[in-house]
Structures are given as structure tokens and as C-alpha cells.
Amino acid sequence: MYEISLGDDGAELRPLEPWQAEEFLAHVDRGREFIGRHNALPDVVTDLASSRAFLQAYADKAAVDAGRLYGIWTDGRLVGAVLFRRMDIEQGIAEAGCWLEPSAVGKGLVTRAVRVIIDWAIEERGIHRVEWWVSAANEPSIAVARRLGMTKDGVLRESYPYRGKRHDEEIWSVLAPEWRAGKQAS
């Protein structure tokens, strides 16, 4: 198993795999209400079997180069995740996403972790466009897109049915040349 340091605070990025279903379920349980404000994960991962199935679905995606899931750990505890919900290597497009439990909010963990996976996708996998789909009401996630140098492409009005209500969804993106230019500037 490998881990990637996310900075001097000891935070780490590691793959999340089916054998970690119990730890993953405990993480979702700790953040269930908070995560569920904008993300359907808590509605999908409800018990050990569904936790294992969710992680297996991402292991299957990784096996065919169609997605990835990485956990964020602090002090040896799983506190969040970043992922590529979908990757289309042939088209050069990937959609990134994230979530955190409340104890991990406000520490820059998502921004640091997403930087790592975007850089990998662009430099190692040849992805040209990384997208960030976000509820228009999710200001913290929109702030991450801005910090990553993404551009707001538009709003899909009432396109996201969630918990009995339709929500506007924003699409943000960064293109490989923009990503590389941003890295050189910093």
C-alpha cells in the first residue's frame, strides 16, 4: 500500500479499497448528516454490505481506468475522500469530486488532495479536461474549484434531483494547459 503526504500536518492520501469497508462505513457514519447536505453518499452507503459494494464499484472502475477513489487520513483516521467519479481516457475527460466529515473541514485537505489527483490525471494519464460538478448551494466546494484555478463553465438549472427537490448544478473545469501554466506560476 502506498500513501502520499498532503503536507506537514501529517495528512495522507491513500487508495480506498473494498477490504476497508468497515473503516469506510464508520467514516460515513461520523459525517452522515454533514456529507448528505449536498452528496448522496450517505444514502448509498448505509451498512457494511453497501459500503463494500461502493468500494468494489470504484475498484472495478480503477481496473478498467474509468475512475478512482482515494481516502484522506489525518492522525491515522479516515476523514474524507477525493475521487474521479468518471474518467474517459480516450476523450481525455475526468470528473473529480470530494467529501469530508465535519472534523476535517477548514484545513485545506480537499484542495491539497484534489491537486494531487488532478496533477496525476493530467501528467500521467493524459487527461485534457478535469471537471468539477457541484450543487450551486455548496459554497465550500465552489471555493475549492476556485482555489484550483478552475473556470465556471455554466449552470445546469434544476438538473440535480436530490432528496425530493431539484437543485441547480454548476460545472467548473480546468484544461491541461491551464493547469500546467498555474503550476509554473506558483
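Mentor: Two strands pair if DSSP finds at least two bridges between them. Strands (E, at least two residues) and helices (H or I, at least four) are DSSP runs, numbered from the N terminus. This is a predicted model, where local features need pLDDT of at least 70, side-chain atom pairs count only at pLDDT 80 or more, and totals for chains, interfaces and linings use all residues. Residues are numbered from 1 along each chain as its sequence is written, and side-chain values use heavy atoms, leaving out hydrogens and water.

Trainee: How many bridges join β5 to β6?

Mentor: Strand β5 (residues 93-100) runs parallel to β6, with 4 bridges between them. E95 has E131 of β6 as its bridge partner.

Trainee: In which sense do β6 and β8 pair?

Mentor: Antiparallel: 7 bridges link β6 to strand β8 (residues 165-175). W132 is partnered with W172 of β8.

Trainee: Why is β6 largely enclosed by the rest of the structure?

Mentor: Buried means under 20% relative accessible area (1.4 Å probe, protein chains only). Strand β6 (residues 129-135) is largely enclosed because 5 of its 7 residues are buried.

Trainee: At what angle do the axes of α4 and α6 cross?

Mentor: Axes are lines fitted to C-alpha atoms, for helices over the stretch in contact, with angles from 0 to 180 degrees between N-to-C directions. Helix α6 (residues 176-185) and α4 cross at roughly 125°, their axes coming within 11 Å. Contact (heavy atoms within 4.5 Å) involves residues including I118 and I122 of α4 and W179 of α6.

Key
Buried means under 20% relative accessible area, exposed over 50%, partly exposed in between (1.4 Å probe, protein chains only).
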